[in-house]
Structures are given as C-alpha cells and as structure tokens.
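This report walks through a ligand site, a set of charged side-chain pairs and a strand. Please keep the sequence and the model open while reading.

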Amino acid sequence: MPLCDLAPPHIRAIAPYQPGKPISELAREMGLRDADIVKLASNENPLGPSPKARAAIAAGLDEVARYPDGNGFALKSALASKLGVNIAGVILGNGSNDVLELAARALLGPGTSAVYSEHAFAVYPLATQAVGATGIEVPACAWGHDLAAMRAAIRGNTRVVFIANPNNPTGTLLSAGELHEFLQSVPPTVAVVLDEAYGEFLDARLRAPSVSWLSEFPNLILTRTFSKAYGLAGLRVGYALAHPDVADLLNRLRQPFNVNSLGLAAAAAALDDSEFLARAKAVNDAGMAQLLEGCERLGLGHIPSHGNFVCIEVGGHATERENKDASVATRVYQALLRKGVIVRPVANYGLPAFLRVSIGLPDENARFLDALGEIQEQA
Ligand SMILES: *Cc1c(COP(=O)(O)O)cnc(C)c1O
C-alpha cells in the first residue's frame, strides 16, 4: 500500500488552504513586471511595515545567528503592560494561525467537536480536522455569525467554539453585548476562541472590551495578530490572551522557538507605533469609501465590512446565485489577473458570487476599479 494511503483518514481528507496568489507567480505567468501588479488579495497592510519596525529589523540582523528568546519575554511584557494583563496569560505564535492551531491541538482530538460559522475563517475547519475532531458548521445569518444557533449547536463533546470578529472574509461584526451574552451562555468546559485579527481597524466605539472579559471567563481565548494593521504579515507574529492555566497548556505544545527573532523585535517596536496604526486605519477608512463608491457606480453590491477588505458581488445578486454563480466570479477574477490585479475568489467560503478585495492605497484601489469597469464593459 502506498505510504500516503496509510496516513490517518482525517489527514488525507484535508483540503489545502488556498492563499492569495503571490505577485511573483502572476508576474511569471503573465510576463508582467512585479511593479505593474496590484495585489489586493491577502488583507495585507498597503503601507508596508511601520518605520519603527523597520529600524528594529535592521538592528536585529546582527543577532540572527543566535536562537531567539524562546520565551519571547520582551514582546510578552510589552503586550502585558499595554493591555493590562498578566504576562502568564500571553501566548506568542508564528502568526495567530499558530495560536489557533495550538488551541485546537490542546483542546480537541478524536471524539470531540468544534463549532464555527458558515463563511468563517478557513483555518478553523482546517485546525479542527487536522487533529481528528469533528467540525460543526453553523449556517450564517446575514453573512455573519448566528450566535444563538452556535450556542444551540454546542454538543456534550464540544470543546471549542471559534468566532472571528470582525469575520474574514465577510467583514461582519458582532456587538460587545451579543458577545458577552454568548460567553455567559457557554458552559465553562467549552473554550471560546475569539479571533480579533482585524480589531485595530474598528472605530473605538465598536470595539468590544474583550480583554476585560478574560478575568470573568477563564474559557475565553483571545487571538490577535501583527499581520494586518501592524503590517508584519511576512514575519509571522501573533498572540493569544487567556487564563494563565490555558496559556500554560498551549505553551507546553508550542515549538520552543516558534517566533523568530526579527519578528519578535519588529512586533515589539510596532506595538509602540500608535501613529502608524492610526495612519493604517485612516488609509483603510478612506480606501473602503473609495471602493464602495466605485462599486456603487458600477452597480455592484457588497457585504458591509468592518475589516480591511470587502466582498464584492460580481456574480449577480446573491439571491440568484444558483445560476449566476462561481462561473461569473471566476471569469472576473481571471480577467482581473490578466490586467495585473490580484483579488481573492471566495467560492471555497460558500460565497461563489463574490470576490474579496483588500483595501489598498488610493492608486491601487483605482487600478482595481478601472480594471473592473473595463471587464464589465467587455462582458
Ligand atoms: C489573517 C487572519 C488571521 C491570522 O493571520 P496570521 O498572519 O497567522 O496572524 C487570523 N484570523 C483571521 C480571521 C484572519 O483573517
């Protein structure tokens, strides 16, 4: 029997994660120059990294021959003091993807289940399946999490509920009140992983006081990342905040040096750069307005988004999506590629009529809208 056929069935059944197309790959395929390509496909920060992070990376180069601080002390203490939490409740990850997987590996396994929403971040089903647990996908409500249905979906063997707020790829947001009520309703034997990868893009009045909930709910695991608003996606740094006992459990599973030294240094420096963060939010707010205005002009619908991306309905209205479906969105996606614009198809998220577009700089957003307008004219 071939070796791979002997792998556990739940591993063989994993569908690979589909990342945004890299610029270099499109350049190769289409014979374009990297500089002529606009990538609005992975919710990256169009400003690049903060100047403070750049300086920290340059200064850190001399140290790359040494192993990083496996305990990540400097970054963890910076996070603990900024957020007002116990350092023993901070877990660092190689991206927040890493801490999501640590939570799954620590709490899930065969015979257990995890609950997540339809159209939610793809890593939740992947992390669940990778450890042989059962995924329970709960139908969405208005493209977002239906918390009442998710509460009702919790079974006796459920150990984790995953919630993304705002959600990727839909950009939907739950209110603080809804989330708090949900946390109160969930048994303490079920961990609630609240993924706030896009929290920094929210207006202050829309932000949930989630950190303050940690002392009230020992089953709450908050995850955050330096990949999006902080502009450090390539360095892979994320973190979780949890009860110290939960943090201890996750830390025991972690690779000893899971976060690299340049990432640690850059993240600590970026954490201090509130001016950069404010600029990233301002660029995002303006870019979102620009994209939505453009979509309206082109007669295209969208899912209202609180993230640094928006799902645009290019495949006909969602109600007709049985007919005008993936084929239209796929055609538009490919036509955009030919014009050097990379966006993200989301059919694998159950959104076949949509394309997800990350907010870029003003000229990048304009390139996308111009290309989309030309494609519409030709159709
Ligand atoms: C991008 C994203 C993450 C994590 O990204 P990392 O780069 O691994 O930190 C986590 N959750 C959601 C919902 C995301 O969109």
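## Ligand site

An N or O atom in the side chain of S227 is 2.5 Å from an oxygen atom of the ligand, a polar contact in the sense of a pair of N or O atoms within 3.5 Å. The model is a predicted one, in which local features need pLDDT of at least 70 and side-chain atom pairs count only at pLDDT 80 or more, while totals for chains, interfaces and linings use all residues. Residues are numbered from 1 along each chain as its sequence is written, and side-chain values use heavy atoms, with hydrogens and water left out.

The residues around the ligand, counted when one of their heavy atoms lies within 4 Å of it, include F121, N168, Y198, K228 and R236. This shell divides into three nonpolar, six polar and three charged residues, where Ala, Val, Leu, Ile, Met, Phe, Trp, Tyr, Cys and Pro count as nonpolar, Asp, Glu, Lys and Arg as charged, and the others, Gly among them, as polar.

## Salt bridges

Across the whole structure a search finds eleven salt bridges, each being a side-chain nitrogen of Lys or Arg within 4 Å of a carboxyl oxygen of Asp or Glu. Among them are the following pairs.

| Pair | N to O distance |
|---|---|
| R33 and D36 | 3.1 Å |
| R66 and E63 | 4.0 Å |
| K281 and D285 | 2.9 Å |

How accessible are the partners, given that buried means under 20% relative accessible area, exposed over 50% and partly exposed in between (1.4 Å probe, protein chains only)? R66 is exposed at 61%, while E63 is partly exposed at 43%. K281, by contrast, counts as buried at 15%, and D285 is partly exposed at 36%. Salt bridges with shared partners join K281 and D285 with D203 and R205 into one network. Both K281 and D285 belong to helix α12 (residues 274-297), where they are four residues apart, about one turn of the helix; helices (H or I, at least four residues) and strands (E, at least two) are DSSP runs numbered from the N terminus.

## Strand β10

Strand β10 (residues 309-313) is largely enclosed by the rest of the structure, because five of its five residues are buried. In a regular strand the side chains alternate between the two faces of the sheet. In β10, F309, C311 and E313 point one way and V310 and I312 the other way, and all are buried.

Which strands pair with β10, pairing being assigned if DSSP finds at least two bridges between two strands? Strand β9 (residues 301-303) pairs with β10 in the antiparallel sense over three bridges, with H302 opposite I312, and a hairpin of five residues joins β9 to β10. Strand β13 (residues 354-358) also pairs with β10 in the antiparallel sense, over five bridges, and R356 in β13 is the bridge partner of C311.

Technical notes: A polar contact is a pair of N or O atoms within 3.5 Å; within protein, one must be able to donate a hydrogen and the other to accept it, and residues adjacent in sequence count only if both atoms are side-chain atoms. Two strands pair if DSSP finds at least two bridges between them.
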